[in-house]
Structures are given as structure tokens and as C-alpha cells.
Amino acid sequence: MKVAVIGANGQLGTDICQVFRENNHTVVELNHDRLEVKDIDQVSTLLKDIKPEVVINTAAAHHLEKCELNPEQAFLINSIGARNVALVAKEVNSTLIWISTDYVFNGKKRSPYIEKTPVSPLNTYGISKVAGEFCIKESCRKYFIVRTSGLYGLAPCRAKGENFVVKMLRLAKEKKEISIVNNEILTPTWTYSLAKQILHFCKCSSIPYGIVHSTDEGECSWFEFAKEIFRNASIKIKLIPVKTTSFSSAVHRPNYSVLENKILKKHKKNIMQHWKKSIANYLKLYLGR
């Protein structure tokens, strides 16, 4: 299988390239310096030349504060860019996989969101991703919109520099105590787990095209996630649970954004592991480097 990975040097893109290559697939890396998703002519030229069977688009504007300050850029990448890739993927008869987010929901529900739950985003990032979802639905026939949550990986995050895990480990060296939000509930997801899941349903024909939720299993607050990080890293530090309102931010975030992998489970294709197992395995690799 020939796979074109847009955003190949990003946090998720790096693991996708690794997983597909480990399974003997041909991977064409399309980094930002080679492909700008906002430019449909560039997208068209490259994908028509490559002729991939699968296009995985991980390109996104996902720095929440920057999206609020520059909504035009957020929509150009997360909506128009998504549409451009979808239109060309359809033209070259490729299957499109596009990464969406738990932030398409407003967090008022207190049980996991399934794929058919109506969306209701709270911030510019979430709104632009919802628009991207609609653009893909209208522009492409063979697609998977993969919603996920709380990503962390070994490769640096291009937009944010460091993920939550790396940030916690850094803060533990700088501070004697750390205040962590305990009223936002999500499912942290290791990018390597997600990459393996994407490969898994790429290889099967039983899952229908459309929206697919794909996160690690279970749920926790950021505070509980931090506790598990430090437990696995054998670091003792005082953690202070606080509310979201303790931090000044112009961005509204959902208080509960846990996703249920309902479609994957329905078709017996869910291979995501519990988030506690993922963070333990991740830290063995990260701390052992």
C-alpha cells in the first residue's frame, strides 16, 4: 500500500510513518515545507504525481489560544485545507484519513460521546474542525474522520513544542509543587497507539466510511493523568488540584470530552489499550532514550 502522510514530521505523523513502514507499506512524507494544504494547486500537483492509495492528513492548527487570536488561519488550515485535500483525494481515488478532535463537543454530557452525538464546539479550534468535518463529507466519498483526544508522543508537537507529559517532567525539575486542572475529563492518547489503530482499520474492509472515534480506553482528569505520569517516572512532587478558572484563558474548553470507540468496537476492530498502560509504555521509551 502506498500512503501519503501530510504532516509527516509532526507528533502523530511521525508515528504513523513508523508504523506503516514497520508493516512494509510505502510511505511518502509530505511535510509543511513540501506541501501547504491551503494551496489546492499544490495539493493537486503533488497527490496526482504520487497517486497514493491512502492519504492521511494530520495537518492542523491546534494551538487553542492562537486559533482564538487568528481564526482566519485556523479555518484556512482546519477547514479549507481539509476540503482541498478531500477534493484531490476523491479525484485520484484515494482513501482519505483526516484527524479530528474531542473538542467538537461542548462537554455538557457526562458519559462518553459516540460518533453520532450532535456536535457543539465551544471554541474557534473546535468550530474550525467541525467545519472541516462537513467539508470532507461534502467533498469526498472514501474517507475516515478520526476523532481523538489528548495526544502525546515521542516526536515534538510542531504547534506547541512540548506535549503535556514532557511539560510535566520539565516542571518537576523547576518547581516544588504544580497546580493541575482536575475538572476537565478526557482520555489521554498515545500517538503510537493511534497510529497502530489507523493501520488496523486501513487493512480491513468491514468498517464503513465516515466518522470513527479512536482514543485510548478509560478516562481521567489532567490532575489524575499527571499523578500517573509521576508515579511511572518515580518522581515525588506536590500536586495541587485546581479548577479551570484558576488559569486565565480566553479559550472555553469542554469539561468532559471522553470519546467512546463505538464504531471500532461494533466491528471488533478496536485495539486501543487503557490510557494507564499507554503512558507506562510511553515513559519507558521516553525516559530510556
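Is Asn57 buried or exposed, and what is its relative accessible area? In this predicted model, Asn57 is buried, with a relative accessible area of 2%, a value that falls in the buried class because the cut-off is under 20%. Asn57 sits in strand β3, so let's start with the sheet around that strand and then come back to the residue.

**The sheet**
- An open sheet is built from 6 strands with parallel pairing, and their order is β2-β1-β3-β4-β5-β10.
- The edges are taken by β2 (26-30) and β10 (210-213); each has a single partner strand, so one side of each has no neighbour in the sheet.
- On average, neighbouring strands here are turned by 20° against each other, with direction ignored.

**Strand β3 and its partner β4**
- Residues 54-57 make up β3, which pairs with β4 (residues 95-101) in the parallel sense over 4 bridges.
- Within this pairing, you will find Ile56 opposite Ile97 of β4.

**Helices across the strands**
- Helix α2 (residues 40-50) lies across β1 (2-6), β2 and β3, and runs at about 165° to β2.
- Helix α5 (residues 124-139) lies across β4, β5 (143-148) and β10, and its direction is at about 160° to β4.

**Back to Asn57**
- A polar atom of the Asn57 side chain lies 3.1 Å from the backbone nitrogen of Ala59.
- Setting aside neighbours within four places in sequence, Asn57 is in contact with Ile6, Val37, Gly81, Ala82, Val85, Leu96, Ile97, Trp98 and Ile99.
- One of these contacts, Ile97, is also the residue that stands opposite Ile56.

Notes:
Residues numbered from 1 in each chain as written. Predicted model: local features only at pLDDT ≥ 70, side-chain atom pairs only at ≥ 80, totals over all residues. Heavy atoms only, no water. Pairing = 2+ DSSP bridges. Helix = DSSP H or I, 4+ residues; strand = E, 2+ residues; numbered from the N terminus. Axes fitted to C-alpha atoms, helices over the stretch in contact; angles between N-to-C directions. Contact = heavy atoms within 4.5 Å. Buried < 20%, exposed > 50% of the residue type's maximum accessible area, 1.4 Å probe, protein only. Polar contact = N/O pair within 3.5 Å; in protein donor to acceptor, adjacent residues only side chain to side chain.
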